Amino acid sequence: MRRRTTFAAMALSLGLSTGLLGALGPALAATPPDTLVMAKNIDDMITLDPAECFEFSGGEIVAQMYTRLVTPDPKDFSQLVGGVAESWEISPDGDKLTFKIRPGLKFHSGNPVTAEDAAWSLQRVIILDKTPAFILSQFGWTADNVKAHVVATTPDTLEITLVNKFAPTLVLNALSAGVGSVVDSKLVLEHEENGDLGYGWLKNQSAGSGAFKLLTWKAKDAVALEANPDFYLGAPAMKRVIVRHVGEPATQQLLIQKGDADIARNLSPDQIAELTKSPDFELQAEPKQSVLYLGLNQKNEILANPKVRDALRHAVDYEGLATNLLQGQWKVHQSFLGEGTFGALNDNPYSFDVEKAKALLAESGVGADPKITFDVPNTSPYIDIAQAIQGSFGQAGVGVELVQADQKQILTKYRARNHDMVLMYWSPDYLDPHSTTDYFANNPDNSDQGTAKTIAWRNAWDIPELSRQTGEAALELDPEAREETYLDIQRQVQDEGAYVLMFQQVEQTVVRANVEGFVSGPTFDTVTYAGVTKQ
């Protein structure tokens with residue numbers, strides 16, 4: 001009886017809903033040694049279907065629930081290892097890849113993982129054609145031809161054929177993205193409605209073979225996961241993981257101080273400094289490939305003026321923001337490939353220069369006191385950064401109206417190309433420079449009906465020559481030539497692009513001292529809960 005009461009008290013202190021309480025069950029005790037509680041802002045979550053999920057928080061959760069064909073090695077993220085695929089072979093001409101499925105692997109449902117599941121999962125991504133489908137459709141697969149090019153030739157053999165030729169390493173890296181997750185086809189098809197391939201059902205469910213399965217997800221409340229005892233890399237030590245939506249950093253600080261949370265993910269530098277004075281807390285700082293930038297919609301006549309874009313690049317106080325506000329959480333970086341990525345350009349040619357910005361604005365001919373709206377997530381540190389930029393733009397003579405909203409709302413507006421200027425972040429979908437380059441420097445169809453909805457497309461930046469160059473870089477097999485091409489593309493984007501590239505993330509996570517094994521990794525979905533232990 002006491003155990004039940006303690007659990008209820010803990011759950012209420014976490015603000016968990018009645019529905020979530022029911023899903024977790026009465027066996028969970030207060031701060032139990034086999035349960036990980038994380039405080040995090042997850043207001044960007046839209047879906048948990050790996051064929052659709054393209055947000056940071058959702059991608060992180062999906063990575064815990066599904067096993068991909070191949071995956072980055074968490075001990076060395078520069079290397080790929082097998083996931084659902086135990087091994088693979090590449091044909092001499094590089095057009096065909098043959099994967100051998102890991103024997104004995106089971107989904108959470110108990111169904112065996114087969115080559116047919118792997119083929120169906122990749123086909124489903126192409127047929128549904130949701131936002132991240134381009135990661136696979138770049139190989140030339142379409143809804144009409146994918147079943148001929150992605151085939152289970154035996155129960156344990158998957159064969160894929162490329163229509164568009166790419167470097168095999170790029171293909172394998174792309175398959176390590178979230179869309180490479182292998183889904184339990186038998187279970188999902190039991191919930192299919194009107195030929196939707198289970199799309200309506202899988203948005204709020206899990207059907208994978210990963211380290212954890214979904215207990216429940218309630219938007220802007222919490223996600224609860226339960227360990228998979230049959231996970232092929234071994235059962236996680238944490239039987240349950242609760243990721244609670246906590247938008248306010250002050251509340252995150254309070255929860256971890258009281259022992260109601262084991263990990264806090266979105267604390268300010270001042271809060272981190274205060275907490276880490278105590279031996280009860282430790283700071284984990286891990287370099288990420290995420291970049292923070294301003295997107296400038298070229299549908300806006302003011303922002304379409306290259307002199308204005310150049311002026312704005314000189315109207316951001318990069319060093320002041322990094323030193324005084326961000327304090328180690330983001331560092332100045334003015335290229336779209338993060339430092340540490342193959343082919344990254346690490347030059348930072350722009351500095352805060354109000355007089356130069358004023359002169360460029362005068363040369364632009366846009367008239368006195370131009371005004372733009374600025375969409376920004378309503379959480380820290382984004383709103384603080386936006387207010388600082390509003391101030392420095394004002395000094396240069398550009399009026400800015402801040403429009404604050406949840407990240408989910410900002411993303412929806414951004415993806416519809418309905419913004420003027422937006423503060424946004426980017427993290428690669430897979431660890432190959434093509435992932436990020438394709439998104440910033442490729443826009444094959446700038447019409448509103450364009451299907452490659454890259455960041456260049458979202459900002460209506462019409463760049464046929466740069467798109468061609470980006471496509472050629474993906475085909476280049478000579479590493480030195482490929483690297484030089486990426487450097488050249490970055491210089492062009494840095495100087496002419498529809499963006500102000502500003503910072504690269506160093507993720508700072510505070511964990512209680514008894515927590516070990518939390519891995520963040522270089523991208524949004526390399527975060528791993530499976531190795532976490534509590535002493």
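Modeller: A residue is called buried when its relative accessible area is under 20%, exposed when that area is over 50%, and partly exposed in between, using a 1.4 Å probe and protein chains only. The structure is a predicted model, in which local features need pLDDT of at least 70, side-chain atom pairs count only at pLDDT 80 or more, and totals for chains, interfaces and linings use all residues. Residues are numbered from 1 along each chain as its sequence is written, and side-chain values use heavy atoms, with hydrogens and water left out.

Biologist: How many of the 14 residues of α4 are buried?

Modeller: Helices are DSSP runs of H or I with at least four residues, strands are runs of E with at least two, and both are numbered from the N terminus. In α4, 12 of the 14 residues are buried, so the helix is largely enclosed by the rest of the structure. Among them are Trp120 and the charged residues Asp117 and Arg124.

Biologist: What should the helix span, and what follows α4?

Modeller: The expected span is 1.5 Å times one less than the number of residues. For α4 (residues 115-128) this gives 20 Å, and the end C-alpha atoms are 20 Å apart, which agrees. Just after α4, Asp129 takes a positive phi of about 55°.

Biologist: In what order do the 4 strands of the open sheet stand?

Modeller: Strands of a sheet pair through backbone hydrogen bonds, either parallel or antiparallel; here two strands count as paired if DSSP finds at least two bridges between them. The order is β4-β5-β7-β6, with antiparallel pairing. β4 (85-90) and β6 (150-154) stand at the edges with a single partner strand each, so one side of each is left without a neighbour in the sheet.

Biologist: Which residues are bridge partners in β7?

Modeller: β6 pairs with β7 (residues 157-161) over 4 bridges; Val150 is partnered by Ile160, and Val151 by Glu159. A hairpin of 2 residues joins β6 to β7. On β5 (residues 96-101), which is joined to β7 by 5 bridges, Phe99 stands opposite Leu158.

Biologist: Which residues lie nearest the centre of the largest pocket?

Modeller: On a 1 Å grid over the protein atoms alone, a pocket is an open set of points with protein on both sides within 12 Å along at least five of seven lines, and lining residues have an atom within 4 Å of a point. The largest pocket is lined by 35 residues, and Thr71, Pro74, Phe231, Leu233 and Thr528 lie nearest its centre.

How values were computed. 1 Å grid on protein atoms, 1.4 Å probe; cavity = no way out; pocket = protein on both sides within 12 Å on 5 of 7 lines; lining within 4 Å.
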